[in-house]
Amino acid sequence: MRKRACARCGKFVSRAGAPTVIVAVRNGADVFACADHQGELAAPAGDPLVAIAQLQDMARRRRAGG
Ligand SMILES: [Zn+2]
């Protein structure tokens, strides 16, 4: 199981129940954030590594059946 905990608070879902998402790639590792901390942890806009990581994450979730 991949580690999907928010890099700030360690939660796997936000208070609203939304799952964490990749917001940055640091040292080759995906950085996840809950809805509360996405703005705080997000990489600068336009980072291609982040876009690729998010697409791969979405594809993984689709293959896993949601
Ligand atoms: Zn958080």
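A residue is taken as buried if 20 or more other C-beta atoms lie within 10 Å of its own C-beta. By this criterion, 4 of the 5 residues of strand β2 are buried, so β2 is largely enclosed by the rest of the structure. The structure described here is a predicted model.

The protein chain contains 2 helices and 2 strands, which follow one another from the N terminus in the order β-β-α-α. Its C-alpha trace spans about 30 × 25 × 15 Å along the principal axes. The radius of gyration is 11 Å, which agrees with the value near 11 Å for a compact globule of 66 residues. Of these 66 residues, 17% count as buried. Among contacts between residues at least 6 apart in sequence, 36% join residues at least 24 apart.

Strands β1 (21-26) and β2 (29-33) pair in the antiparallel sense over 5 bridges. Within this pairing, Ala24 stands opposite Val31 of β2. The two strands form a hairpin with 2 residues between them. Most residues other than glycine have a negative phi. Asn27, although not a glycine, has a positive phi of about 55°, and this residue is located in the turn of the hairpin. Asn27 counts as exposed because it has 5 C-beta neighbours inside 10 Å, the cut-off for exposure being 12 or fewer.

The largest nonpolar core consists of 9 residues: Cys6, Val21, Ile22, Val23, Val31, Phe32, Ala33, Cys34 and Ala53. The elements that contribute two or more residues to this core are β1 and β2. One of the core residues, Val21, is located in strand β1. Val21 has 20 C-beta neighbours inside 10 Å and therefore counts as buried. Leaving aside neighbours within four places in sequence, Val21 is in contact with Phe32, Ala33 and Gln38. Val21 and Gln38 are 17 residues apart along the chain, and their C-alpha atoms are separated by 8.0 Å. Cys6, also a member of the core, is in contact with Lys11, Thr20, Phe32, Ala33, Cys34 and His37 when neighbours within four places in sequence are left aside.

Ala18 is placed in the segment before β1. With 12 C-beta neighbours inside 10 Å, Ala18 counts as exposed, because the cut-off for exposure is 12 or fewer. Beyond its neighbours within four places in sequence, Ala18 is in contact with Val13 and Ala35. Ala18 and Ala35 are 17 residues apart in sequence, with a C-alpha to C-alpha distance of 7.0 Å.

Helix α2 covers residues 48-63, 16 residues in total. From its first C-alpha to its last, α2 reaches 23 Å, close to the 22 Å expected at 1.5 Å a residue. The number of buried residues in α2 is 1 of 16, so the helix lies largely in the open. In strand β2, by contrast, 4 of the 5 residues are buried.

Terms used. Residues numbered from 1 in each chain as written. Predicted model: local features only at pLDDT ≥ 70, side-chain atom pairs only at ≥ 80, totals over all residues. Rg over C-alpha atoms; globule rule 2.2 N^0.38 Å. Contact = placed C-beta atoms within 7 Å. Core = buried A, V, L, I, M, F, W, Y, C linked by C-beta atoms within 7 Å. Pairing = 2+ DSSP bridges. Expected span 1.5 Å × (residues − 1).
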